Amino acid sequence: MPITLPPITRRQFVKHSLALGGTTLIAPSALASAEGETVALDPNRVALFSDTHISANPKQSYPGTKWPGSPVAESDHEWVNMADAFTQAANSVIALNPRPAHLIINGDCALSNGKEGEYKELFRLIEPLRMAGITVHVTIGNHDNREKLWELLPFLKKQQMGIHADVIELPHANIILLDSKTRSLGGKQLTWLSNQLDQRADKPALIFSHYNPYPNRGVRPIPGLRDGKALLNLLSKRKHARAYIYGHTHEWQHDQQDHLHIVNLPAVAYYFGKGHANAWVDMKLSENSADLELQCINPKHKQHGDRRQLILKDKVT
């Protein structure tokens with residue numbers, strides 16, 4: 001199953017922070033809000049993070065537009081501090097009323113390849129969310145390391161086919177979390193996905209995985225899942241599979257193939273194109289739709305508040 005971090009108390013928060021060798025970077029006002037106020041948790045509201053790329057060094061910044069062959073001039077790179085971006089996003093989630101009952105980090109939690117120090121820093125940043133009553137789910141991306149996660153959190157080591165894959169059953173929809181660590185889901189996981197969808201045909205399904213299902217059409221050319229065609233074919237045959245939601249390309253994009261919405265989450269961390277948004281998404285589920293609203297780290301960004309509606313049920317005629 002994916003790494004799932006349940007809510008914690010303030011006493012557990014302090015204990016865990018000390019055990020991890022430091023204190024979190026969350027704002028004191030957010031901590032006070034998390035503990036001192038009674039805020040309802042909405043089971044039909046889910047905060048969507050992706051590509052947090054947390055470094056072991058909370059002061060580290062990274063140039064999001066820098067990659068081999070980038071058309072962006074060396075002097076024109078924009079640097080982003082990943083820990084600060086995560087903290088701002090977490091504070092925004094905690095400030096919501098009602099708060100999302102769930103938060104999903106859709107892969108690439110770590111900056112490099114899932115080092116222990118990176119995950120310790122991530123867990124410190126996550127703890128205020130848990131203290132606010134929010135359950136955090138983590139899927140595996142290409143920068144992550146399952147074994148290191150299991151080593152640091154052995155009580156959460158729940159294997160299924162040797163990977164992380166699970167179903168979150170919510171009142172209006174089922175969320176299925178997949179593992180695309182190797183840029184491939186694999187036959188066993190695709191069979192498992194088919195079975196889970198077929199067993200839960202009574203509700204719409206939203207499928208989450210880190211990798212793009214086909215080559216990225218955005219600013220940076222990135223190949224998609226090796227078995228992306230097989231995945232999309234599987235989902236196209238099941239009308240209650242209404243969305244495939246991914247990260248990896250660090251861009252906010254939305255496509256649709258018949259009944260299936262294909263949504264690209266932006267990165268909470270750095271971005272690949274100058275002027276692009278680093279952001280998270282506020283998802284509100286109803287019986288008939290999933291309403292997505294982009295929440296930019298910089299609220300003055302031109303894309304802040306951009307909305308997409310995913311229809312979850314076909315109209316009866």
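The model is a predicted one. Across the protein chain the mean pLDDT is 88, and 85% of the residues reach 70 or more. Where pLDDT is low, the predicted coordinates should not be read in detail.

The interior may be considered next. In soluble globular proteins, nonpolar side chains tend to be buried together. In this model the largest nonpolar core has 39 residues, and those with the most contacts inside it are Phe-49, Phe-86, Leu-103, Ile-105, Leu-122 and Leu-129. Two or more residues of this core come from each of strand S2 (41-49), helix H3 (82-94), strand S5 (99-105), helix H4 (116-131) and strand S6 (135-138). Helix H3 gives the most, with eight residues.

Leaving aside residues up to four places away in sequence, Ile-105 touches Phe-49, Thr-52, Phe-86, Leu-122, Ile-126, Val-136, His-137, Val-138 and Thr-139.

A pair of aromatic rings is described by the distance of the centres and the angle of the planes. The count for this model comes to seven aromatic pairs. The ring centres of Tyr-244 and Tyr-246 are 6.0 Å apart and their planes stand at 25°, so this pair is stacked, the cut-off for stacking being under 30 degrees. Tyr-244 is buried, with a relative accessible area of 0%, and Tyr-246 is buried as well, at 3%. Elsewhere, Tyr-62, Trp-67, Tyr-270 and Phe-272 form one aromatic cluster. Phe-272 also has a charged residue over its face: Arg-220 lies there, at 4.5 Å from the ring centre.

The cysteines remain. A disulfide is a covalent bond between the sulfur atoms of two cysteines. In this model the count of disulfides comes to zero. Cys-109 counts as buried, at 1% relative accessibility, and Cys-296 is also buried, with a relative accessible area of 8%. Both values fall in the buried class because buried means under 20% relative accessible area.

Key:
Residues numbered from 1 in each chain as written. Predicted model: local features only at pLDDT ≥ 70, side-chain atom pairs only at ≥ 80, totals over all residues. Heavy atoms only, no water. Core = buried A, V, L, I, M, F, W, Y, C linked by side-chain atoms within 4.5 Å. Buried < 20%, exposed > 50% of the residue type's maximum accessible area, 1.4 Å probe, protein only. Helix = DSSP H or I, 4+ residues; strand = E, 2+ residues; numbered from the N terminus. Contact = heavy atoms within 4.5 Å. pLDDT = per-residue confidence, 0-100. Phe/Tyr/Trp six-rings, centres within 6.5 Å; stacked < 30°, edge-to-face > 60°. Lys NZ or Arg CZ within 6 Å of the ring centre and 35° of its normal. Disulfide = S-S within 2.5 Å.
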